[in-house]
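Here is a friendly walk through one model, written for someone who likes to keep a viewer open while reading. Please load the structure and follow along.

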Amino acid sequence: MWIALDGVGHPLDAPAGSAWEQDLPALRPLVDRGAALDATLGIAGQPQSGTGQCCWLTGQDAVRIMGEHFGPHPGPTLQRLLTRHSLPVRLTQAGARVALTNHYAPAFFEAQRRRARLGCFPFSFQAAGLPLNPSGLPLVSASLGLDYRAPWLEQTLSLTDVLTLGTALGRCARDWDLLVLDLWFSDLLGHAGRDPTPGEVTRAARSYLVRVDALLTGLLSSGAEVVLSSDHGNMENLRVKAHTLARVPLAASFTAVSGPGTVVHGGQWLSAWAGLPEADREG
Ligand SMILES: [Zn+2]
């Protein structure tokens with residue numbers, strides 16, 4: 001199971017008082033055993049979701065290919081990269097069973113009909129010929145049960161529900177080669193940051209990490225192998241609205257992670273974990 005956080009910098013690069021500083025009994029030990037990866041790739045500007053997630057999904061330097069940090073949505077160049085080299089595409093071609101376990105609401109599909117603008121994760125799964133909202137799996141809303149609108153209070157799932165969902169997902173994971181969850185809600189909360197940070201933003205960010213912790217607790221209790229990543233910093237610093245230059249976590253439940261230094265290496269590490277040969281380098 002690959003949990004791809006969006007916009008959560010590593011605790012080592014978070015300011016004092018960040019949402020990382022609370023009791024997260026499954027999440028913190030996992031992240032602390034993992035690596036802190038560079039997301040800037042030596043290019044000026046704030047890392048973005050389009051290029052950042054392409055690095056994770058393909059193991060290729062999407063920032064170098066684009067010449068800049070680009071996003072949030074992949075344009076033609078990144079879409080071409082994802083169509084050729086993304087993990088779901090390569091795994092499907094190799095005959096593996098892979099699924100995106102996000103739940104997409106009807107409003108998402110209505111918005112796509114008006115203007116198709118998929119993020120890197122749903123784009124890659126569609127490029128692999130795989131459905132969004134796959135049947136036979138417990139699907140997970142990216143907010144993990146919080147309201148999508150401020151003040152982002154508990155709405156659809158209690159903390160116990162999130163734990164139960166994690167356990168159910170972990171049981172299903174045995175029948176799949178790779179399950180992926182795109183948790184973009186952290187980036188939405190990060191963009192609500194400002195100085196001084198409103199109390200409701202701080203509370204929502206803390207609450208969200210507690211929910212990630214509960215999901216992870218459920219997954220681990222069912223024996224699933226879990227990898228956790230993030231594309232760039234944002235929510236770890238709620239004093240600013242924008243993405244940050246913070247390093248990002250790569251962590252695995254079954255091993256300490258020490259080799260990878262950047263999100264590109266992180267993507268290569270993921271490919272190797274998934275059992276794929278090293279891909280040809282693009283352009
Ligand atoms: Zn992002």
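Predicted model: local features only at pLDDT ≥ 70, side-chain atom pairs only at ≥ 80, totals over all residues.

Residues are numbered from 1 along each chain as its sequence is written. Helices (H or I, at least four residues) and strands (E, at least two) are DSSP runs, numbered from the N terminus.

Six of them form an open sheet in the order 2-6-5-1-4-3, with mixed pairing. Strand 2 (35-37) and strand 3 (98-100) are the edge strands, each pairing on one side only. Averaged over this sheet, neighbouring strands are turned by 20° against each other, direction ignored; such axes are lines fitted to C-alpha atoms, for helices over the stretch in contact, and angles run from 0 to 180 degrees between N-to-C directions. Two strands are said to pair if DSSP finds at least two bridges between them. As background, strands of a sheet pair through backbone hydrogen bonds, either parallel or antiparallel.

Strand 1 (residues 2-5) pairs with strand 5 in the parallel sense over four bridges. Within that pairing, A4 stands opposite S229, and I3 has L228 as its bridge partner. Strand 6 (residues 248-252) runs antiparallel to strand 5 and is joined to strand 5 by three bridges. S229 turns up again here, with L250 as its bridge partner in strand 6.

A residue is buried if 20 or more other C-beta atoms lie within 10 Å of its own, exposed if 12 or fewer, and partly exposed in between, with C-beta atoms placed from the backbone.

Why is helix 2 (residues 49-58) described as largely enclosed by the rest of the structure? Ten of its ten residues are buried, so helix 2 is largely enclosed. The buried residues include Q53, C54 and W56.

Two packed helices are described by the angle between their axes and the distance between the axes. The axes of helix 2 and helix 11 come within 6 Å and cross at roughly 35°. On the helix 2 side, G52, C55, W56, L57 and T58 meet V263, V264, G266, G267 and L270 of helix 11. The residues of this contact divide into six nonpolar, four polar and no charged. Here Ala, Val, Leu, Ile, Met, Phe, Trp, Tyr, Cys and Pro count as nonpolar, Asp, Glu, Lys and Arg as charged, and the others, Gly among them, as polar.

Back in helix 7 (residues 120-127), the buried residues are C120, F121, F123, S124 and F125. These buried residues pack against strand 1, helix 2, helix 4 (76-85), helix 5 (87-93), strand 3 and strand 4 (178-183). Two residues are in contact if their C-beta atoms, placed from the backbone, lie within 7 Å.

**Backbone details in the loops**

| Cis peptide bond | Omega |
|---|---|
| G71 and P72 | about 10° |
| D195 and P196 | about 0° |

P72 sits in the loop between helix 3 (62-66) and helix 4, while P196 lies in the loop between helix 9 (185-190) and helix 10 (199-221).

Although L41 is not a glycine, its phi is positive, about 55°. L41 lies in the loop between strand 2 and helix 2 and counts as partly exposed, with 17 C-beta neighbours inside 10 Å. N133, also not a glycine, has a positive phi of about 50°. N133 is found in the loop between helix 7 and helix 8, and its 15 C-beta neighbours inside 10 Å make it partly exposed.

**Two more positions**

Is G259 buried or exposed? G259 is exposed, because 11 other C-beta atoms lie within 10 Å. The loop between strand 6 and helix 11 (263-273) holds G259.

T167 belongs to helix 8 (residues 159-173) and counts as partly exposed, with 19 C-beta neighbours inside 10 Å. Leaving aside neighbours within four places in sequence, T167 is in contact with G218, S221 and S222.
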